[in-house]
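User: Hi! I'm just starting out with protein structures. Could you walk me through this one with a few questions and answers?

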Amino acid sequence: MKFRSIKGTKDILPEETGRWQHVEKVVRSVMGRSNYREIRTPIFEETALFARSIGELTDIVTKEMYTFADRSGDSLTLKPEGTASVLRAALQHNLTEQAPLLKLYYQGPMFRQERPQAGRLRQFHQFGAEALGSPSPQLDVEIILLPLHVYRELGVRPLTLVINSVGCEKCRPAYREQLIAMLMTVYDQLSPESQARVKQNPLRVLDSKDDQDRKVTQTAPLIKDHLCMECKTHFDHVQSLLHATGAPFTVDGRLVRGLDYYTKTAFEITSSALGSQDALAGGGRYDLLVEELGGKSTPGVGFAAGLERLMIVLEKTGAPVDDQRGPDLFIAAVDEASRRWAFTRTEELRRKGFAVETDFLQRSLKSQMREANRQRARWVLVIGEKELKAGTAQLKNMLGGEERTVTLNDLESALA
Ligand code: AMP
């Protein structure tokens, strides 16, 4: 083997694409029913867009982005997440001016140079949505329910929904100081990673998965207990609306997530069918981000969900797949003249909307029958000199085995 795929990337093979197409179809349907319209943005953007939005000090920006200088020396980055690009496009094309509430969704590949492991890739796929223009907690809940609808329709269970409020620019600074003061008292006992975060991003210390970090921060103050009136009211509303929709959830005061732009609501959906990388989807509100990117102050809320992890869950839980179906008809031909007839009829029937396949390898009739069976063709038509002369042939049903004589000029009605 001369070439292999790049570490952390994955080929999605034909036997898997049926499942991918099915999931993509469900995503489209769920989004459409909630009035989200699709947006497709380029694979790469100016590096500064991501540094500015995701946060200069986040893991994504400091060590995971695929950044390169193109031939003119501009710094470009393969998109590590979807929100920044969607907002950039919305601002560039004045979409937020055209509609008071803008609801967009996307599906596509993202790139992060993380350490590859089960459920963690360097090129992975996400579907996600962004709603711009309303500070209403109803929109937070609509966004939280979108991925849950997708999972329910795919039969994915059980799931855990965890929510938190990370406050806003009014309540976070004072809380942050309190938290830093507490963390300094246990600084020596923290993991090196958490030590580095104490000053730069102390809330992420609470989100650490390290057992020792968790133990020594047990008594740390939590932002949800230090919210300003506005954030507290918002968080209460989100919870009561979630209750009203019947979606089970828990509040985890330590949930922060790895992107800096969140304000108020942050949430994560996990599946116990996954290993240590158990997050299927996450998101939250980002009321300051549009302004940060140069737009007019506009509240926003969104989520992103991983597709590879969803595929792992679907495979493990044996959720049904809408498999690609086989051809309606396989035309088996036994000599040169009938092969020619089979080919032109195949093309004609395809044009008329039928899925038709024929033999391209001049195989024996027996191996053509075997091939039709392998491809799960519904019908097989055997054509030879005798059939062409008579203008009729035997149409064999590959499922029930029943055979009937059909006129070659009227195959369509036999297939319909
Ligand atoms: P994030 O954009 O970090 O909020 O992640 C949202 C979701 O994308 C996660 O819950 C995962 O399902 C998925 N995801 C994030 N990073 C990766 C990765 N490196 N490999 C596979 N899936 C990922």
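User: Which residues of helix 4 are buried?

Analyst: Happy to start there! This is a predicted model, where local features need pLDDT of at least 70, side-chain atom pairs count only at pLDDT 80 or more, and totals for chains, interfaces and linings use all residues. Residues are numbered from 1 along each chain as its sequence is written, and side-chain values use heavy atoms, leaving out hydrogens and water. Helices (H or I, at least four residues) and strands (E, at least two) are DSSP runs, numbered from the N terminus, while buried means under 20% relative accessible area, exposed over 50% and partly exposed in between, with a 1.4 Å probe and protein chains only. In helix 4, the buried residues are Thr-83, Ala-84, Ser-85, Val-86, Leu-87, Ala-89 and Ala-90.

User: Why is helix 4 described as largely enclosed by the rest of the structure?

Analyst: Helix 4 covers residues 83–92. The cover over its buried residues includes strand 2, helix 2 (47–54), helix 5 (95–98), strand 5 (102–111), strand 6 (123–132) and helix 12 (289–292). Helix 4 is called largely enclosed because the number of its 10 residues that are buried is seven.

User: Which residue just after helix 4 takes a positive phi?

Analyst: Look just past the end of helix 4. The phi there is about 55 degrees, and the residue is Asn-94.

User: Is Glu-45 buried or exposed?

Analyst: Glu-45 is found in strand 2. Contact means heavy atoms within 4.5 Å, and beyond its neighbours within four places in sequence, Glu-45 is in contact with Phe-50, Ser-75, Leu-76, Thr-77, Ser-85 and Arg-88. Its relative accessible area is 8%, so Glu-45 is buried.

User: Which residues form a nonpolar patch with Phe-44?

Analyst: Phe-44 also has its place in strand 2 (residues 44–46), and with a relative accessible area of 45% Phe-44 is partly exposed. Together the patch has about 260 Å² of accessible area, from the Shrake-Rupley method with a 1.4 Å probe, where for residues only the protein chains shown count as cover.

User: What is the order of the strands in the open sheet of eight strands?

Analyst: Strands of a sheet pair through backbone hydrogen bonds, either parallel or antiparallel. Two strands pair if DSSP finds at least two bridges between them. This open sheet has mixed pairing, and its order is 1-5-6-11-10-9-7-8. The edge strands, each pairing on one side only, are strand 1 (37–38) and strand 8 (250–251).

User: Is Gln-277 buried or exposed?

Analyst: Gln-277 lies in the loop between strand 9 (263–271) and strand 10 (279–285). Setting aside neighbours within four places in sequence, the contacts of Gln-277 are Gln-117, Ala-118, Gly-119, Arg-120 and Arg-309. Its relative accessible area is 18%, so Gln-277 is buried.

Note on methods
Patch = residues over 30% accessible without salt bridge, like charges linked within 9 Å, V, L, I, M, F, W, Y side chains within 5 Å. Salt bridge = Lys/Arg side-chain N within 4 Å of Asp/Glu carboxyl O.
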